[in-house]
Amino acid sequence: MSVTLPEGDLQSRLERYLKGFRNRHGLGESAVEGNVVRLVVEPNILPEVLATARDNLAVLHLSFITVVDLEGSFELTYELLDMRGGIVRVKMRLEGEEPVIDTVTNIYPTANFHEREAYDMFGIAFRGHPDLRRLYMWQDHFDHHPLLKSFEISTKRTFEGLR
Amino acid sequence: MSLDILNQEPFRFLISFGAILFLVLNLAAVLTMAERKVSAYIQLRYGPNRVGPRGLLQPAADVFKLFTKENVSPSRADLWVFLLAPIAMFIPAAAVWLVIPFAPGAVVADLNIAIVFFIAITSIGALGVIMAGYGSRSNFSLLGALRGAAQMISYEVPLILSLLGIVMLTGSLSLVDVVNAQAGGFWHWYFLPQLPMFVVFYIAGLAEARRVPFDLPEGESEISGGFMVEYSGMTWALIQASEFASMGLISAIHVTLFLGGWQPPIDALDLGSFNWIWFGLKTALIIFTFQWIRWTMPRLRMDQLMDFGWKVLVPVCLIWLFVTAGAMLLLPSVF
Amino acid sequence: MLREERRAREQNRGGRASGRLAGPDVRDEFGLETLEMNMGPQHPAMHGLLRLILELDGETVVRCDPVMGYLHRSKEKISENRMYPSVVPITDRIDYMNNIAMEYGYCMAVEDLLDAEIPPRADAIRALLNELGRIMSHIPSIGFLLLELGAFTPILYAFRERERIQNMFEAITGARMMFHYIRIGGVKADLPEGMPEQMWEYIEGLEKRLKPDFMDLIEGNEIFIARTRGVGKMTQEKAIEMGLTGPPLRCTGVSYDVRRDYPYGWYKNLAFDVITDEAGDVEASYRVRIGEVQQSIRMIKQILENLPEGEVMADLGRRIRPSEGDGFGRAESARGEYVVHVVSDGSDTPYRVRYRTPCTVNMQLLKEIVPGHYLPDIMPIMGLIDPVSGSWDK
């Protein structure tokens with residue numbers, strides 16, 4: 001069975017996506033800039049927003065999930081592509097030191113490795129993830145999450161205190 | 001004491017047996033060098049060319065290095081089985097040379113059941129592979145041993161069936177008779193009337209010698225060495241020597257059965273008791289084709305390998321046996 | 001909390017430790033046992049340092065679990081501590097078979113933050129080198145695919161081509177492998193004199209050599225077809241679900257290529273086809289890669305015919321200090337869609353750099369597709385993904 005990607009004019013498609021999101025969910029900010037539909041959402045409605053994107057708007061490809069550690073909170077960016085020139089960028093902010101958020105692997109299975117990496121590097125736990133293990137770091141006795149700003153690297157302190 | 005005593009039984013056998021052993025070990029060493037050079041030129045590079053003139057002393061350097069290496073064995077390996085396996089692989093490859101005629105009258109043991117001897121002893125080689133893989137007690141070796149067992153045992157069937165045509169044509173199981181029956185020029189050689197058998201024996205011989213495309217027991221890409229992954233030093237050298245010796249052996253048997261043994265291609269080029277030169281040239285040609293195939297083809301997967309052996313080679317053999325028998329009945333003057 | 005759960009799970013698995021043969025005390029309720037085996041991280045033929053935890057039932061793989069991280073070099077953390085131009089050598093080493101695309105993506109991301117205008121000659125040279133880098137990566141990929149199938153010769157023919165391209169790169173950039181040539185604002189220096197003619201000669205020669213040296217020897221080979229046709233077969237939905245991009249996705253028939261769908265740089269002016277194949281197996285991925293090499297040859301010829309004149313580096317000032325915000329650079333590397341997300345806080349060093357490397361995501365294929373295949377099929381499937389360990393581990 002083959003997959004059909006959306007056809008048609010880019011601008012009209014982007015407008016359609018924006019309207020589709022606005023109609024269904026209460027969003028923080030939403031705008032179309034260039035070829036990007038920018039959305040800011042609350043963490044609790046994120047899975048529904050992504051489900052809308054995949055099921056109703058045919059935006060099929062989750063490109064990446066970026067986590068940025070703004071000391072005190074995390075900003076997550078989910079970038080979705082419709083593979084024909086349109087981008088939907090969903091941002092949200094998570095408060096707290098060890099936040100928990102619902103997984104999106106049931107909507108976009110490719111998020112599996114992205115979320116594992118986020119857990120490994122930042123300590124964000126994803127509720128409902130089928131296999132939440134570390135991806136890069138070693139799995140026993142390493143209790144740190146390296147990409148946090150509080151994890152300092154200095155040449156003197158490379159391995160003492162890490163094991 | 002005249003030198004005639006050396007022609008008497010115990011001495012004749014012992015001297016010739018020593019000569020055969022010397023030949024086989026040197027053949028293994030020379031073949032390592034030949035393999036590397038042939039592979040190099042196929043891959044558009046030079047092979048080893050530093051040690052000695054044009055690299056000819058490379059095998060000596062290799063053997064010297066292997067003598068000085070430590071024989072490491074896994075701690076929980078079954079030591080008896082582990083250490084006996086290379087010997088069990090080498091002895092069959094060396095023993096069958098005793099029945100091969102090199103020149104008129106030059107055969108160490110003129111058995112009248114030489115073909116059966118060949119088949120029986122080569123089967124022990126399969127046992128050696130299983131011993132090596134099982135005795136190493138490691139996952140990769142076990143997989144290699146299982147694959148080796150399956151492959152070598154199943155390819156013995158087409159190997160044997162392809163010989164039966166020759167046995168029918170010659171009327172005897174003795175290799176000396178087979179060579180004598182191919183006298184008179186290359187149109188009498190058995191590869192012409194038995195062409196499908198020639199090809200089947202070649203392919204089954206590749207499988208018995210565990211060469212690409214049938215080198216899955218040793219599958220370097222997935223199980224990195226397979227049944228011989230745990231061997232190093234002299235034990236490994238013995239396994240390698242047995243592989244090259246068996247490759248040489250299969251080529252020699254191939255030449256003896258299908259390409260006329262020591263018979264010259266045209267009677268005018270008969271060299272009398274120097275006909276071992278013809279034998280050597282033909283064997284070298286077959287060995288070269290073995291190496292050529294190794295460096296050109298990818299390898300088959302296990303199930304494809306077994307499919308090919310059972311579903312293609314065996315039926316071809318059986319059909320050609322009927323054709324040979326029919327031809328012998330209908331054209332008694334020719335056969 | 002999750003850590004404790006994981007540890008408890010591992011301890012409960014008890015006697016089924018990897019590597020031990022079934023003894024009488026370890027018995028399943030059905031009396032059958034699968035063999036749990038490790039492939040790698042030290043292995044002569046893995047595409048790098050990858051550990052695959054395999055559960056085998058005879059020769060059939062029941063479960064395949066890739067464990068990555070053996071080459072993790074914390075590139076994202078290092079990038080946070082270096083000034084913007086100094087991050088380019090870091091990106092070089094992410095995918096060491098196709099470095100030029102890695103630099104390109106990062107530089108595009110920073111130029112997005114700076115809203116910089118790149119001179120057209122720099123754009124053209126970037127695209128030219130990107131395509132040469134693609135050839136440089138695809139031809140050895142095919143060689144590696146065949147090496148793992150057991151044919152030892154094509155890899156040497158492939159590396160001969162790669163060496164010739166590396167010689168040209170050495171003349172242009174000064175290095176055979178870690179180029180550090182694409183810089184923020186353009187490229188480091190102009191092409192040397194005579195280089196376009198030399199490239200033209202090489203490309204014509206490659207076009208003539210591609211068929212007799214590679215395609216004729218590989219495509220008709222019965223054993224190659226038997227080992228690769230039908231192996232690793234995927235449907236288009238599965239491929240998109242897993243997030244595949246690049247040749248693994250295009251070999252199922254989905255036509256998605258960043259150069260055409262999200263065009264960047266000089267690609268807006270180039271005419272090329274996106275090669276797809278309907279079959280979705282390893283043989284299809286081989287055909288996609290060879291087709292992409294031919295398209296790259298076509299693109300290089302177009303660029304060389306119309307190479308614009310001018311300078312090669314935009315004037316961005318002595319210090320690169322973008323304003324706050326995020327910049328995105330999306331490029332098509334030889335392995336798939338490569339995105340760099342740079343978050344800036346107004347200082348000299350980036351606040352966060354995220355490399356979305358295609359291989360990390362493409363490796364999910366191993367978990368999903370390999371179970372059900374035979375053990376020797378794992379290698380051709382790795383040849384389908386064609387990963388590079390620097391790229392999946394960053």
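**Close-ups of a predicted three-chain model**

**View 1. A hairpin in chain A.** β1(A) and β2(A) make a hairpin with 2 residues between them, and A:Gly34 in the turn has a positive phi of about 65°. Strands here are DSSP runs of E, at least two residues long, and helices are runs of H or I, at least four long, both numbered from the N terminus. This is a predicted model, so to speak: local features need pLDDT of at least 70 and side-chain atom pairs pLDDT 80 or more, while totals for chains, interfaces and linings use all residues. Residues count from 1 along each chain as its sequence is written, with chains lettered from A and ligands numbered from 1 in the order in which they are written. The pairing of β1 (residues 29-33) with β2 is antiparallel, over 5 bridges; two strands pair if DSSP finds at least two bridges between them. Look for A:Glu29, whose bridge partner in β2(A) is A:Val40.

**View 2. The other partner of β2(A), and its two faces.** β2(A) also pairs with β5 (residues 87-95) of chain A, in the parallel sense and over 5 bridges. Here A:Val37 sits opposite A:Val88 of β5(A). In a regular strand the side chains alternate between the two faces of the sheet. In β2 (residues 36-40) of chain A, the covered face holds A:Val37 and A:Leu39, and the uncovered one A:Val36, A:Arg38 and A:Val40.

**View 3. Where chain A meets chain C.** Here 28 residues of chain A are in contact with 31 residues of chain C, contact being C-beta atoms, placed from the backbone, within 7 Å. On the chain A side, the elements giving two or more residues are β3 (61-70) and α3 (111-122). β3(A) gives the most, with 6 residues. That side of chain A splits into 18 nonpolar, 8 polar and 2 charged residues. For this count, Ala, Val, Leu, Ile, Met, Phe, Trp, Tyr, Cys and Pro are nonpolar, Asp, Glu, Lys and Arg are charged, and the others, Gly among them, are polar.

**View 4. Two helices side by side in chain B.** The axes of α5 (residues 139-170) and α11 (residues 302-330) of chain B come within 9 Å and cross at roughly 10°. Axes are lines fitted to C-alpha atoms, for helices over the stretch in contact, with angles from 0 to 180 degrees between N-to-C directions. α5(B) and α11(B) are therefore roughly parallel to each other, a label for angles under 35 degrees. Their contact is made up of 20 nonpolar, 6 polar and 1 charged residues.

View 5. Three strands of chain C form an open sheet in the order β6-β7-β8, with antiparallel pairing. β6 (325-333) and β8 (352-356) of chain C are at the edges with a single partner strand each, so one side of each has no neighbour in the sheet. From one strand to the next, the twist averages 10°. β6(C) is joined to β7 (residues 336-344) of chain C by 9 bridges, and C:Gly327 stands opposite C:Val342 in β7(C). Helix α4 (residues 99-114) of chain C lies across β6 and β7 of that chain, running at about 150° to β6(C).

**View 6. Stepping back to chain C.** Chain C has 16 helices and 8 strands. Its C-alpha atoms fill a box of roughly 75 × 55 × 35 Å along the principal axes.

Definitions and conventions. Contact = placed C-beta atoms within 7 Å. Parallel < 35°, antiparallel > 145°, perpendicular 65-115°, else oblique. Buried ≥ 20, exposed ≤ 12 C-beta atoms within 10 Å, placed from the backbone.
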